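Q: I am new to this structure. Please take one close look at the salt bridges and walk me through them step by step.

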Amino acid sequence: MVIYGVYIVSKSGGLIFNHDHNVPKIEVEKPFNYPLDIKLAYENKKIVVAFDQRDGIHVGHVLTAVNGQPVTGKELDDGRDVLEMLKKQENYPITLKFSRAKMTTNEKIFLASMFYPLFAIASQLSPEPRCSGIEVLETDTFRLYCYQTLTGVKFMVVAEPSQTGMEILTKKVYELYADYALKNPFYSLEMPIRCELFENNLQSLLDTVEKSGISNV
Amino acid sequence: MSRNVIKLDAKKVNSELFTLTYGALVSQLLKDYENVEDVNKQLERMGYNMGIRLIEDFLARTGSGRCYDFKDTAEKIQSGFKIFLGITPSITNWSVAGDEFSLCFETNPMSEFVELPDHCLSLKYCNLLPGVLRGACEMVQMEIASWFVQDQLKNDSVTELRVKFIKRLEDAIPAGED
């Protein structure tokens, strides 16, 4: 029973709220000897594992630290180029830390605005008139549930494929939004939601659903 | 806070508290603006701003779907009054074209202890309500106009609120709804 996150997209397609709920953190730290038996590549301003996965280090994981020093882009904090450093034998043995790539806020905003036309296309492709647009998007590792209100706001929940009752959960989140975001006089419509009460109540809703199922909410 | 054990029956508050708070608001507006017309306008505007938020609360609680005819809308507005003010106005005086109806209030909690003084006989005391209706309907892509034709405060036997359908806001309808 895992809920990965909740997203709210405004009528005009902008991400106004996101909440990462329960994303398991994966971090592996391991010493390596010369020559490095794992293929690394620099893409999207990150050093990622390109090939040869093992010991919990998977293709796509990001190099986050070398000998305990954090890596930013392809450089260490003191300005040394990590890829150059890994080519030289005198730097070994070396300890590398890998973790799963985290999405930045910018990437989330980007993805949210990408979902918007996808939703519109889906409703246009429909062979029948009055199609609802995407309600569930399924993959092998998660399901995305989307509920669009009559006013055009979209509530999305990303959860494990086995998780049930998520359609109801999206409506519960809508209730919380109506209560704690819209009744807050300092919240202006269409703007990012920064309301502590909303977040706290959402957090406790998600916790209850994970622990004891949707029927107890 | 507002939602405890029984979900639909949100936290109740004594209607007198609400009546008095609204009264305080109106009398403050009368102090702030010299002109009664301005107060009417301001009340309508405040109502509009409440309506565009209140509609989400209504939809989230009732889970009601989109209206495809104005009779449906009238009933939903009626149930909205039940939820938020605890009164059930009657729906009467349908126009022949079916695009106009009246809501008649026997009692109105908003003006319960009110008598209009002589210098503000043109004040529309409850002008917040037309604003709320306009804002709420606009958010569900429907343009309406609404105004008072009778008012108990002006010695009419009932308070009558007229609601007129103007048009559907087609370009504002979200994808997957058209």
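**A lysine and its partner**

A: Start with Lys183(A). This residue is partly exposed, with a relative accessible area of 40%. Keep in mind that the model is predicted. The side chain of Lys183(A) meets that of Asp57(B) in a salt bridge, with N and O 3.5 Å apart. This pair crosses between chains. On one side, Lys183(A) sits in the loop between helix 3 (166–181) and helix 4 (196–212) of chain A. On the other, Asp57(B) belongs to helix 2 (residues 36–62) of chain B. Asp57(B) has a relative accessibility of 2%. Buried means under 20%, so Asp57(B) counts as buried.

Now stay within chain B. Here Glu100(B) and Lys164(B) join their side chains in a salt bridge, 3.8 Å from N to O. Glu100(B) is in strand 2 (residues 100–105) of chain B, and Lys164(B) is in strand 4 (residues 159–168) of chain B. The pair therefore ties together parts that lie 64 residues apart in sequence. Lys164(B), at 28%, counts as partly exposed.

Go back to Lys183(A) for a moment. Salt bridges with shared partners link Lys183(A), Asp179(A), Asp57(B) and Arg61(B) into one network. The crossing pair, Lys183(A) and Asp57(B), is part of this network.

Next, widen the view. Over all chains, a search of the whole structure finds 16 salt bridges. One of them lies in chain A, between Lys97(A) and Glu27(A). Their closest N and O atoms are 3.8 Å apart. Lys97(A) is in strand 9 (residues 94–99) of chain A, while Glu27(A) is in strand 3 (residues 27–32) of chain A. So this pair ties together parts 70 residues apart in sequence. Lys97(A) is partly exposed, at 23% relative accessibility. Glu27(A) is partly exposed too, at 44%.

Last, the layout of chain A. The domain assignment gives chain A two entries: domain 1 (3–23 + 104–216) and domain 2 (34–92). The C-alpha centres of domain 1 and domain 2 of chain A lie 35 Å apart.

To recap: Lys183(A) and Asp57(B) link the two chains they belong to. Within chain B, Glu100(B) in strand 2 pairs with Lys164(B) in strand 4. Within chain A, Lys97(A) in strand 9 pairs with Glu27(A) in strand 3.

Technical notes
Residues are numbered from 1 along each chain as its sequence is written. Chains are lettered from A and ligands numbered from 1 in the order in which they are written. This is a predicted model: local features need pLDDT of at least 70, side-chain atom pairs count only at pLDDT 80 or more; totals for chains, interfaces and linings use all residues. Side-chain values use heavy atoms; hydrogens and water are left out. Domain bounds come from an automatic or database domain assignment. A salt bridge is a side-chain nitrogen of Lys or Arg within 4 Å of a carboxyl oxygen of Asp or Glu. Helices (H or I, at least four residues) and strands (E, at least two) are DSSP runs, numbered from the N terminus. Buried means under 20% relative accessible area, exposed over 50%, partly exposed in between (1.4 Å probe, protein chains only).
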